[in-house]
Amino acid sequence: MRLSRLFVPSLRDDPADVEAPSHRLLLRAGFIRPVMSGVFTTLPLGLRTMRKIEAIVREEMDASGAQEIRMPIILPSEPWKTTGRWQAYGPVMFKLVDRHGRELGLGPTQEEAVTPLVAGDLPSYRDLPVNLYQVERKYRDEFRPRYGLLRVREFLMKDAYSFDRDDEAMHRSYATMLDAYRRIFDRCGLEVLVVEADPGTIGGGTNHEFMAVADIGEDLYVSCPNGDYLADVEAARSRAPEPVATGDLEPLTEVSTPGAATIAAVTDQLGVSADRTLKCILFRAGDAVVAALAPGDREINEVKLERRLFPTPVRPFEDADFASGGYAKGFVGPQGFGEDVLVLADETVRGGANWITGANAADVHVTGANTPRDFRVDEYLDLSQIREGDPCPNDGAPLRIGRSIVVGHIYELGTRYSEPLQARFVDEDGTEQHYRMGCYGLGIERTMAAAVEQFHDDAGIRLPKVLAPFEVVVIVANRDDERVVSEADRIHSELSDLGIEVAIDDREETAGVKFADADLIGYPVQLVVGKRGVGAGTVDLKLRATGERSQAPLAEAARAAVDLLASAP
RNA sequence: CGGGACGUGGCGCAGUUUGGUAGCGCGCAGCGUUCGGGACGCUGAGGUCGCGGGUUCAAGUCCCGCCGUCCCGACCA
């Protein structure tokens, strides 16, 4: 491939308004260009890398028995309404109307498309198991696209859907996919953690995320230093604290706390630590009011709350809710709630006593609040955001928190979709059964971006050779020297004949520009043909990953490049 | 959607405070000199200063509205 003819608009300066290293480098190296917020065009180099990821994905999916299909991205709304996700996805789903006034959506994921497909055409237990996948664009109107390719509104996803006869078979399909995913990311060279996760809007039970460790990552995970626990913070549990022996109960006493509508203000005014206070956060769940209790130094995890109340949608109280319900915003306490308020408390509340909490009147708090004397708790559960240092649920060791990028997420769905969509097969005994499903997503662009996050340095990108757009670049250092040009061409042809993915930098640029671009783009092996070397009968080689330089005889340049490539990561 | 910043040739920026000829670097085109780590000289092309109103003799600059992009929070591959 001649770089003089390839559309590779590399940038000398860092683009403005760009934060993430992968975003900056993918733009600078000419892999992608922005079109609008969260939407990108993929240029030739980016496309080559993405296709390499796709190829690995397809190989591993095919090897694990999955079959590739291609479903439309424009979808009828009816099945989505049936499963409740037309509403659940809400504005995240791009919606449109055709000329007949029929509502359509752009697919954010395809359970509602694949389930009717299978139900219509694979009606017997003899047809199962089946696992169908595609590599196709997905559309999600994210609240805030960001970090270049890490969070976008249109992206390429490999999505697979398994259909099984019973739970046991579903577990096997799931395990097969989990293995396939491990191999995919392993082959891509990515450092990936498999963590317990929250199923979110997809639903279902058992699910795991594949998290690429990265400083810029939006997703936090917790890990046990002993290696026996890994989870997304959204799903992370910690060992419930032992209830402490309650000493003498103090009397419930009102204290004046003018203007102290936050935990910080209360602790300042009363001179106590935040863990002595009890925060009482109000939510609206459908028509009901839910009070969530946690010590003042902890945050309520809304995902956990939503899971408890599923399928009722939950949202925090707004000013209007406080006003209409007569609640004193900033001074709410759990005392005196009627039976119409569901009081949920985090496990960490169970051991406490003599709480300081709101007095349900402006500028007043109470001390010595105790349950059940002063307030009622309907249920204790894991409700709070996990924190660094919380005890591991398995061995009690202090948990650590790290950042990562979710590149894959797999789910056991059970009958979450087959039931509402009435997708059934006839079992051996002649009865109709709902398919047990699983779904398995993997972001292609995000995998590329995550790889760049993990593999770059000050000079640019240095992807592993299996992902780099080309394996070798032949740099023509002196374009005016005929011998240099012809030798470079010869080496380029030889490498190409050897099956190496090779580019030749024959552009009318100075050598310095070519070197800088080669580092920026990250060809694993650089082979430099120049006047000096050709005169001495040598070429120069550089391994991008280490910067290590070497020489080889001109006549054996191609062979030397192949050998060096073999040693490249 | 709420909060913040920004919007000036393809890219990166100055100019806006105090209204008065639209600038710099890179890139691009031509010619010449260079030629192994982002060369140099000369010449040149390229700008509705995000858009729309308003104030003014005069608006990139002041006022109002809108749009867009990025960053911080609720979402997820």
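This is a predicted model: local features need pLDDT of at least 70, side-chain atom pairs count only at pLDDT 80 or more; totals for chains, interfaces and linings use all residues.
Reply: Happy to; below we go through the chain, its RNA surface, some helix packing and a few sheets.

Me: How many helices and strands does chain A have?
Reply: Chain A has 15 helices and 31 strands. Its C-alpha trace spans about 95 × 65 × 50 Å along the principal axes. Of the 569 residues in chain A, 41% are buried.

Me: OK, on to the RNA. Which residues come nearest to RNA strand B?
Reply: There are 57 residues around RNA strand B, and Ala 16, Phe 143, Gly 443, Gly 512 and Gly 530 come nearest.

Me: And which elements give two or more residues to that surface?
Reply: On the helix side they are H8 (302-309), H11 (444-454), H13 (511-521) and H14 (531-536). The strands are E8 (154-164), E21 (400-414), E24 (436-443) and E30 (538-543).

Me: Which one gives the largest share?
Reply: That is H13, with 8 residues of the surface near RNA strand B.

Me: Which angle does H11 make with helix H2?
Reply: Helix H2 (residues 44-63) packs with H11 at an angle of about 110 degrees, and their axes are 9 Å apart. That angle makes H2 roughly perpendicular to H11. The crossing of H2 past H11 is right-handed.

Me: What about H2 and H6, how do they pack?
Reply: H2 and helix H6 (residues 167-187) have their axes 9 Å apart and an angle of about 150 degrees between them. H2 and H6 are therefore roughly antiparallel to each other. H2 passes H6 in a right-handed crossing as well.

Me: Switching to sheets. In what order do E4, E5 and E6 sit?
Reply: They form an open sheet of 3 strands in the order E4-E6-E5, with antiparallel pairing. Strand E4 (74-76) and strand E5 (95-97) are the edge strands, and each has a single partner, so one side of each has no neighbour in the sheet. Neighbouring strands here are turned by 40 degrees against each other on average, direction ignored.

Me: How many bridges join E5 to E6?
Reply: E5 and strand E6 (residues 103-106) are joined by 3 bridges. One pair to look for is Val 97 with its bridge partner Glu 103 in E6.

Me: And the sheet with E13, what's its strand order?
Reply: That one is an open sheet of 3 strands in the order E13-E19-E18, again with antiparallel pairing. Strand E13 (253-256) and strand E18 (355-361) stand at its edges with a single partner strand each, so one side of each is left without a neighbour in the sheet. On average, neighbouring strands of this sheet are turned by 35 degrees against each other, direction ignored.

Me: Which residue in E19 stands opposite Glu 254?
Reply: Val 366 is the one opposite Glu 254. E13 and strand E19 (residues 364-369) pair over 4 bridges.

Me: Is Ala 359 buried or exposed?
Reply: Ala 359, which sits in strand E18, counts as buried because there are 23 C-beta neighbours inside 10 Å. Ala 359 and Glu 254 are 105 residues apart in sequence, with 7.0 Å from C-alpha to C-alpha.

Me: And Ser 37, where does that lie?
Reply: Ser 37 is in the loop between strand E1 (32-36) and strand E2 (39-42). Ser 37 counts as exposed because it has 11 C-beta neighbours inside 10 Å. From Ser 37 to Val 152 it is 7.8 Å in space, C-alpha to C-alpha, and 115 residues in sequence.

Me: Last one, back to E30. How many bridges are there between E30 and E31?
Reply: E30 pairs with strand E31 (residues 549-553) over 5 bridges, in the antiparallel sense. Val 539 has Ala 552 in E31 as its bridge partner. The hairpin has 5 residues between the strands, and Gly 547 takes a positive phi near 80 degrees there.

Conventions. Residues are numbered from 1 along each chain as its sequence is written. Chains are lettered from A and ligands numbered from 1 in the order in which they are written. A residue is near a molecule or strand if its C-beta atom, placed from the backbone, lies within 6 Å of it. A residue is buried if 20 or more other C-beta atoms lie within 10 Å of its own, exposed if 12 or fewer, and partly exposed in between; C-beta atoms are placed from the backbone. Two strands pair if DSSP finds at least two bridges between them. Axes are lines fitted to C-alpha atoms, for helices over the stretch in contact, and angles run from 0 to 180 degrees between N-to-C directions. Angles under 35 degrees count as roughly parallel, over 145 as roughly antiparallel, 65 to 115 as roughly perpendicular and the rest as oblique. A crossing is left-handed if the near helix is turned anticlockwise from the far one by less than a right angle, and right-handed if clockwise.
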